[in-house]
Amino acid sequence: MKGEITQSLGAWVLFTVDIQPACLGLYCGKTLLFKNGSTEIYGECGVCPRGQRTNAQKYCQPCTESPELYDWLYLGFMAMLPLVLHWFFIEWYSGKKSSSALFQHITALFECSMAAIITLLVSDPVGVLYIRSCRVLMLSDWYTMLYNPSPDYVTTVHCTHEAVYPLYTIVFIYYAFCLVLMMLLRPLLVKKVACGLGKSDRFKSIYAALYFFPILTVLQAVGGGLLYYAFPYIILVLSLVTLAVYMSASEIENCYDLLVRKKRLIVLFSHWLLHAYGIISISRVDKLEQDLPLLALVPTPALFYLFTAKFTEPSRILSEGANGH
């Protein structure tokens, strides 16, 4: 009789475990409500709080890991975008005879640097130049809103949260600080030092920023996950194309043409830094002794251009294009 009761109780326990509702959805999890020693009580299946993501057992766990090197390189790429665009439009609208371009370049660098520092300080943990994050496992981690389950095909369980905390939202915070600092500092500087420009041209670089910041924000909101995996190749391709366009537009056909002006050397070294940044991002420096020699390829595009420029003659192509031939 005792054995039958024990078997009945065991079957009842198994039955109660089996009938507990499963936590559906790829990103739905159970939040910890109470913990006392080894006792943990979790709530119903739903969205995880900010700063947490689900584990394999469908429990919401805090993001306590340090960002990987690739994560920092991605954040660096997103931080460089507004700075490069600032410099481009400052150079575009300043004119060749303007002495204000250098001061505006320095101010843009200061704005973006301060925005990056402030963003790190206000992120969790607050007050230190350090962030804690969750590991990026797959592309869908960036688009959790697309994976809300519908158990009965009628009611949707909303489990949208930042599974890649804080790589998604920290970029928006950084752009907001960049915009605020630009509006506080740049107009005063331009008004003081941009005397060589007309009144209508002084603030055009600022107006351009008011256009490209919303574009960058939408780009991060929609394509953040795609950029995370593609940014190393984007850096390499764009840096190669812009270097070739700049050298051909400047009619650089030999080493002497390259060394005759300091500005050309600055542009060349800047592109070399971008080449190195892209190579490091692709290799991720997993095996240091194998990946570092790849940096020797950094000067290759410029050397290839100089060696083959005499066959293409960029100056002749530009003159014919100007004459309409």
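Reader: How do helix 2 and helix 5 pack in this model?

Author: In this predicted model, helix 2 (residues 69–94) and helix 5 (residues 204–249) pack at an angle of about 150 degrees, and their axes are 10 Å apart.

Reader: Why is helix 2 called roughly antiparallel to helix 5?

Author: Angles over 145 degrees count as roughly antiparallel. The angle here is about 150 degrees, so helix 2 is roughly antiparallel to helix 5. The crossing of the two helices is right-handed. By class, their contact holds 23 nonpolar, 4 polar and 2 charged residues.

Reader: What makes Y93 partly exposed, rather than buried or exposed?

Author: Buried means under 20% relative accessible area, and exposed means over 50%. Y93 has a relative accessible area of 28%, which lies in between, so Y93 is partly exposed. Y93 is found in helix 2. Between Y93 and A208 there are 9.9 Å in space, C-alpha to C-alpha, although the two are 115 residues apart in sequence.

Reader: Which residues of the largest nonpolar core touch the most other members?

Author: They are Y74, W142 and F231, out of 40 residues in that core. Helix 2, helix 3 (101–122), helix 4 (169–193) and helix 5 are the elements that give two or more residues to this core. Helix 5 gives the most, with 10 residues.

Reader: What is F231 in contact with, leaving aside its neighbours within four places in sequence?

Author: F231 is in contact with Y70, L73, Y74, F77, Y277 and S281. Contact means heavy atoms within 4.5 Å.

Reader: Which residues make the contact between helix 5 and helix 7?

Author: From helix 5 they include F231, P232, Y233, I235 and L236. Helix 7 contributes residues including V267, L268, H271, Y277 and S281. The residues of this contact divide into 14 nonpolar, 6 polar and 2 charged.

Technical notes:
Residues are numbered from 1 along each chain as its sequence is written. This is a predicted model: local features need pLDDT of at least 70, side-chain atom pairs count only at pLDDT 80 or more; totals for chains, interfaces and linings use all residues. Side-chain values use heavy atoms; hydrogens and water are left out. Axes are lines fitted to C-alpha atoms, for helices over the stretch in contact, and angles run from 0 to 180 degrees between N-to-C directions. Helices (H or I, at least four residues) and strands (E, at least two) are DSSP runs, numbered from the N terminus. Angles under 35 degrees count as roughly parallel, over 145 as roughly antiparallel, 65 to 115 as roughly perpendicular and the rest as oblique. A crossing is left-handed if the near helix is turned anticlockwise from the far one by less than a right angle, and right-handed if clockwise. Ala, Val, Leu, Ile, Met, Phe, Trp, Tyr, Cys and Pro count as nonpolar, Asp, Glu, Lys and Arg as charged, and the others, Gly among them, as polar. A nonpolar core is a set of buried Ala, Val, Leu, Ile, Met, Phe, Trp, Tyr and Cys residues joined through side-chain atoms within 4.5 Å. Buried means under 20% relative accessible area, exposed over 50%, partly exposed in between (1.4 Å probe, protein chains only).
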